[in-house]
Amino acid sequence: MRDPREVLTRAAPPPRRTVTYGELPDQVIDVWAADGGGARPLVVVVHGGFWRAEYDRRHAWSDCAGFAAAGYAVAAVEYRRTGAGGGWPVTFDDVAAALDAAPRLVAEVVPVEPGQVVHVGHSAGAHLAVWAASRGRLPAGSRWAPPAPQSPPAGVVSLAGVLDLRTASELRLDGGAADELLGGGPDERPERYAVADPQALAPPGRPVRLLHGTADRQVPPELSRRYAAAAGADATLRELDGVEHFGLIDPESSAWPAVLDAVGELMRSA
């Protein structure tokens, strides 16, 4: 049986170009698009890896290439991560800035359909993507307030998302990755969890499509179930029987058609 983690290091076509949204080494966005054609919808990918520095956007190249092969322009955003200068609050600074800038920066490389933007995040990247879509729920004057006028995405696709940071902390997922991100647990840093946890910011005011495999051992499906209950009509959960954590970012897996379906549904509703 093939190791599902193989997708993290599988050879994939390199991006067409890498653009910058800031001056730091991790403030970059890789851009993919198939050759030819006119303007196309944009998928913005936020990679996972429990917010840790050892996991960068390179491990998302296979799914980025898969989206490009499906006809999308693709942007894979990088951000500062724990263990290398990231964590609270700069990881959130980077993700907010990158997602706001991505449509404009990608349009300088390939034509993009105005308003046809969907954010896709995996694992911790899903946490960041859904959090970013929830910024309208942050207190007035927040450093991460959405830009005005706002050009929000058509929606977010969460793949095995860490969408409940309090529960992630309680379960000590990946050895306490949520505590490392926020500088402590929810009892130590309640003010940080209040503005960084998608569960606390639900409903987001944006459509969210949740995909989670029932065989996921890295992020329990219960986290997506809890978020779906909190988000109400804004969120739709689809559980994929027998799918593990990495199948959701593998274009060669049985789960990939469901990922493309979720993105396509949001694009059509834009």
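In this predicted model, Val 118 stands opposite Gly 155 in strand 6. Five bridges join strand 5 (residues 112–122) to strand 6 (residues 155–159), and these two strands run parallel.

**The sheet**

Strands of a sheet pair through backbone hydrogen bonds, and the pairing can be parallel or antiparallel. Here eight strands form an open sheet with mixed pairing, in the order 1-2-4-3-5-6-7-8. Strand 1 (17–20) and strand 8 (235–240) stand at the edges with a single partner strand each, so one side of each has no neighbour in the sheet. From one strand to the next, the twist averages 20 degrees.

Strand 2 has a partner on either hand. Strand 1 and strand 2 pair in the antiparallel sense over four bridges, and Thr 18 stands opposite Asp 30 in strand 2. Strand 2 and strand 4 also pair in the antiparallel sense, over four bridges. The bridge partner of Trp 32 in strand 4 is Val 74.

Is strand 2 enclosed or open to the outside? Five of its five residues are buried, so strand 2 is largely enclosed by the rest of the structure. Both of its faces are covered: Val 28, Asp 30 and Trp 32 are buried on one side, and Ile 29 and Val 31 are buried on the other.

**Helices on the sheet and on each other**

Helix 2 (residues 90–107) lies across strand 1, strand 2 (28–32), strand 3 (40–46), strand 4 (73–77) and strand 5, and runs at about 140 degrees to strand 3. Helix 8 (residues 222–231) also packs on the sheet, where it touches strand 7 (208–213) and strand 8. The direction of helix 8 makes about 155 degrees with that of strand 8.

Two packed helices are described by the angle between their axes and the distance between the axes. The axes of helix 1 (residues 61–69) and helix 9 (residues 256–269) come within 12 Å and cross at roughly 60 degrees. That angle makes helix 1 oblique to helix 9. The crossing is right-handed. From helix 1, Asp 63, Gly 66 and Phe 67 meet Trp 256, Val 259, Leu 260 and Val 263 of helix 9. By class, this contact has five nonpolar residues, one polar and one charged.

**Backbone details in the loops**

| Item | Angle | Loop |
|---|---|---|
| Trp 88 to Pro 89, cis | omega near -10 degrees | Pro 89: between strand 4 and helix 2 |
| Ala 202 to Pro 203, cis | omega about 0 degrees | Pro 203: between helix 7 and strand 7 |

Ser 123 counts as buried at 2% relative accessibility, whereas Arg 172 is partly exposed, with a relative accessible area of 46%.

Pro 204 lies in the loop between helix 7 (198–201) and strand 7. Why does Pro 204 count as buried? Its relative accessible area is 7%, and buried means under 20%. Leaving out residues up to four places away in sequence, Pro 204 touches Ala 133, Ser 134, Arg 137, Tyr 227, Ala 231 and Asp 234. The C-alpha atoms of Pro 204 and Gly 232 are separated by 9.7 Å, and these two residues are 28 residues apart along the chain.

Note on methods
Residues numbered from 1 in each chain as written. Predicted model: local features only at pLDDT ≥ 70, side-chain atom pairs only at ≥ 80, totals over all residues. Heavy atoms only, no water. Axes fitted to C-alpha atoms, helices over the stretch in contact; angles between N-to-C directions. Parallel < 35°, antiparallel > 145°, perpendicular 65-115°, else oblique. Left-handed = near helix turned anticlockwise from the far one by under 90°. Contact = heavy atoms within 4.5 Å. Nonpolar A, V, L, I, M, F, W, Y, C, P; charged D, E, K, R; others polar. Pairing = 2+ DSSP bridges. Buried < 20%, exposed > 50% of the residue type's maximum accessible area, 1.4 Å probe, protein only.
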